[in-house]
Amino acid sequence: MITYYLPPAGGPGVQRWLKFVKYLPEFNIQPIVYTPENPNYPIIDESLIDEVSNEVVVLKQPIKEPYRLAGLFSKKASKTISKGIIPEQKKQSVVEKILLYIRGNYFIPDARKSWVKPSVDFLSAYISKENIETIITTGPPHSLHLIGLQLKEKLGVKWIADFRDPWTTIGYHKQLKLTEVSKRKHKALEAQVLNTADQIVVTSSITKTEFQRITNNSIAVITNGYDTEKVGSVELDSKFSISHIGSLLSKRNPEMLWKVLSELIKEYKDFAQDFQLTFVGSVSENVLNSIEKYGLSDYVNNIGYVSHLESIKFQKKSQLLLLIEIDSEDTKCIIPGKLFEYIVSNRLILAMGPKDSDVEKIIKETNTGNYFSYDDYESLKKIILEHYKAFQNKTLQTHPIGLQKYHRKALTESLSKLI
C-alpha cells in the first residue's frame, strides 16, 4: 500500500487507508505500508499514531518537498495552498499567483512528483525480494499512481489504483493557472493510469461514471465510512449550536445560509439568545468576512483544528451538523469523509451543495438530515426554524436507517474481495 498520508498526518486524507490497514488482517490480508520518511503534512494529529498497529510493516523513504522551499517565500501561502485553501483570484497576492502557477505547470501531476523515481527503484527490489502479490496506490497526491504505473510496467504486479478524489475535475485543479499544454499532460497521465491499472477504486458513483468515459477497466465504488470511536458520554450543547467540522474553504461560502441565520436572529428574540455557530477546523478569511457582513461574528465559536477524537466529541455535542459543498457540477461526486461520521453521531445534518449529488443521495437514503441546493432559501429557513422549535421542546433527534454498510470493517471486506 503506497500512500502519502499516514499518522501523524491529520485531516481527512489519512482516515481511509488508516482504517483499511486496521481491518485488512481480519480478512487474511497482510498490509505493508510504504510512505515518506520526512513528509510535509499541513495538519498533524499525534493522537492517530496509536491506531497504526505495531504488527503492520511500515516502509519509509525520504522525499523532497517543494512546499518547504515555497515556504521560504511565503510560509502562510505555501501552507494554505498545500491544504487546498486557495483564495479567490481577485484576492490573491502576487506571491500566491506565482506559487499557483509554478505548482500547476512545473509539478505535474503534483508537488510530490520527485518521489516517483526513488520509490520505484526502492520498491522494485523490495517487491521482488518479498514476493509481493498486489500493490495499491491512493491519491491524491496522484503522483503516487505514477509509482504504481511504473511498477506495473516493470514487474507486472497486480495494481489497484484508489482515487479518494477525482484527478482533473476536482475543484482546485481549475485554480492552478494551468497552460493548455499542462492541461493536456494531466489528462494524458490520468488516462494512462486509468487504462493500465488492473482495478480502479473510487469513493462515489459519479466519479465512477466520469472515469467510465475514459477507460473500460473495472471500477469499484468503495465509499469512505465511519469507525467505532470510543469518546465516552458527551453532553449536548445548551445553545442551539450549528457546527461545521473540518476545513471551510473560500469556495464553500454559503451566503444564503448566513443570510437566513441573520434574518432568524432579527425576527426571533429567543433564537438570537440561543443560537451559536461553531467552526472546528480551518476557516478561510473569505468565509469569516461574509459572516461578519451578515452580522454573525458575535455568534461564532471558532475552535480551530483539534484532534480527530476531539472532533468526534464536537459532532456528538452539537445540535445540528453543517455540511457545505461548492455549488458546481464538478463537486457532485465529492463525498467528504466526515459525512459518515456525521451520520452516526446521532445528530441531524444540515447540508448544502449541488442538486443530485452523491451526498444528497446518502443523506436521504440514511434519513439523517436535510439537503438543500443554493437556491432553496425558503425551505432552508423553514427547516432551521423547525429544528429550533424541536430544540426548544427537547425533541431534536435523528432516526437513521441502513448505516452498517458504511462501517469501515464492512468497506474493508469489499476491498479484500478485490485484492
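## The cavity

On a 1 Å grid laid over the protein atoms alone, a cavity is a set of points where a 1.4 Å probe fits but cannot get out. Grid points are joined across faces, edges and corners, and a volume is the space filled by probe spheres set on the points. This structure is a predicted model, in which local features need pLDDT of at least 70 and side-chain atom pairs count only at pLDDT 80 or more, while totals for chains, interfaces and linings use all residues. Residues are numbered from 1 along each chain as its sequence is written, and side-chain values use heavy atoms, with hydrogens and water left out.

By this rule there is one cavity of 30 Å³ or more, and the largest cavity holds about 30 Å³ of space. Its lining residues, which have an atom within 4 Å of a point, are L6, L18, V21, K22, E51, V52 and S53. Sorted by class, the lining has four nonpolar, one polar and two charged residues; here Ala, Val, Leu, Ile, Met, Phe, Trp, Tyr, Cys and Pro count as nonpolar, Asp, Glu, Lys and Arg as charged, and the others, Gly among them, as polar.

## The chain as a whole

The chain has 16 helices and twelve strands, where helices (H or I, at least four residues) and strands (E, at least two) are DSSP runs numbered from the N terminus. A compact globule of 419 residues would have a radius of gyration near 22 Å, and the chain, with 22 Å, agrees with this; the radius is taken over C-alpha atoms, and the globule rule is 2.2 Å times the number of residues to the power 0.38. Along the principal axes, the C-alpha atoms fill a box of roughly 70 × 50 × 40 Å.

## The sheet of six strands

Strands of a sheet pair through backbone hydrogen bonds, either parallel or antiparallel. In this model, two strands pair if DSSP finds at least two bridges between them, and six strands with parallel pairing make an open sheet in the order β9-β8-β7-β10-β11-β12. Because β9 (300–302) and β12 (369–372) stand at the edges with a single partner strand each, one side of each is left without a neighbour in the sheet. Neighbouring strands of this sheet are turned by 20 degrees against each other on average, direction ignored, with axes being lines fitted to C-alpha atoms, for helices over the stretch in contact, and angles running from 0 to 180 degrees between N-to-C directions.

Within this sheet, β10 (residues 320–324) and β11 (residues 348–352) pair in the parallel sense over five bridges, and I324 has M352 in β11 as its bridge partner. Helix α14 (residues 358–366) packs on the sheet and touches β10, β11 and β12, its direction making about 155 degrees with that of β12; contact means heavy atoms within 4.5 Å. Helix α15 (residues 377–392) also packs on the sheet, where it touches β7 (240–245), β10, β11 and β12, and its direction makes about 165 degrees with that of β11.

## The sheet of four strands

Another open sheet has four strands in the order β3-β4-β5-β6, with parallel pairing, and its edge strands, β3 (134–139) and β6 (219–221), each pair on one side only. The twist averages 20 degrees from one strand to the next. Strand β3 runs parallel to β4 (residues 158–163), to which six bridges join it, and I136 stands opposite I160 in β4.

Definitions and conventions:
1 Å grid on protein atoms, 1.4 Å probe; cavity = no way out; pocket = protein on both sides within 12 Å on 5 of 7 lines; lining within 4 Å.
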